[in-house]
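This report describes the fold and selected local features of one protein chain. Please consult the sequence and the model alongside the text.

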Amino acid sequence: MREPGKKQKGQILVLFAIVSVVILALAGLAVDAGIAYGVKAKLNAAVDAAAIAACRELTSSGGTNASAKDVAKNFFHANYPNGYLGVTPADPTTTISTNNGSTVVDVTATAASPMFFARVLGWRNFNVNALAEATKPSLDMALVLDTTSSLSGVFGTVQARAIDFINRFNETNDRLALVPFATGVGLAVSNGQLVL
């Protein structure tokens with residue numbers, strides 16, 4: 001005669017083994033997904049920084065498309081160091097365009113986040129993508145300079161500072177007007193160029 005409950009103990013052991021494998025598989029996938037999420041978050045931060053830096057470079061007085069792309073690459077790698085969470089991403093792709101007078105910089109990057117536990121299922125990597133866009137609208141500005149005799153002793157300094165200020169803007173996208181005033185107001189333009 002069999003002892004009651006002996007058959008049930010064997011079933012629980014098999015059920016426990018099956019449930020343990022499923023729980024371990026889910027835990028492993030959760031760890032892999034967490035690592036991929038960390039890579040994605042860091043990649044997003046890196047492309048954001050790259051797009052903002054490239055846009056700022058473009059709007060500076062000496063900024064060119066080539067220098068903006070170099071700045072984007074440098075900022076990207078400064079914000080996503082090689083080997084972070086086991087990933088070394090390739091250089092980002094930077095595209096520069098103009099839309100209705102605004103400068104638009106798009107930076108995209110891809111990284112392959114390694115899988116550790118999901119390799120059992122045949123997944124080696126999880127591809128992570130990030131995209132950032134920075135837009136700098138064109139600037140319309142008027143600089144008003146006092147040319148009265150009250151500045152006669154320091155007008156050379158005022159003139160030099162005004163030139164320094166104007167040189168900080170992008171001559172391609174920004175529009176500036178110089179308005180001198182003394183007893184009246186007039187626009188200081190000669191042959192289509194601002195005159196200081």
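## Basis of the model

The model is predicted: local features need pLDDT of at least 70 and side-chain atom pairs count only at pLDDT 80 or more, whereas totals for chains, interfaces and linings use all residues. Residues are numbered from 1 along each chain as its sequence is written, and side-chain values use heavy atoms, with hydrogens and water left out.

## Overall architecture

The chain contains 3 helices and 7 strands, arranged along the sequence as α-α-β-β-β-β-α-β-β-β. Helices (H or I, at least four residues) and strands (E, at least two) are DSSP runs numbered from the N terminus.

Of the 196 residues, 29% count as buried; buried means under 20% relative accessible area, exposed over 50%, and partly exposed in between, with a 1.4 Å probe and protein chains only. Among contacts (heavy atoms within 4.5 Å) with a separation of 6 or more, 60% involve residues 24 or more positions apart.

An open sheet is formed by 3 strands in the order 1-2-3, with antiparallel pairing; two strands pair if DSSP finds at least two bridges between them. Strand 1 (93–99) and strand 3 (125–136) are the edge strands, each pairing on one side only. Neighbouring strands are turned by 20° against each other on average, direction ignored.

Strand 1 is joined to strand 2 (residues 102–114) by 7 bridges, and Ser 97 stands opposite Val 104 in strand 2. Helix 2 (residues 65–79) packs on the sheet, touching strand 1 and strand 2, and its direction makes about 135° with that of strand 1. Axes are lines fitted to C-alpha atoms, for helices over the stretch in contact, and angles run from 0 to 180 degrees between N-to-C directions.

## Residues of helix 1

Gly 28 is placed in helix 1 (residues 6–58) and counts as buried because its relative accessibility is 2%. Its C-alpha atom is separated by 7.7 Å from that of Phe 116, 88 residues apart along the chain.

Tyr 37 is also in helix 1, but counts as exposed because its relative accessibility is 63%. The C-alpha atoms of Tyr 37 and Ser 113, 76 residues apart along the chain, are separated by 9.1 Å.
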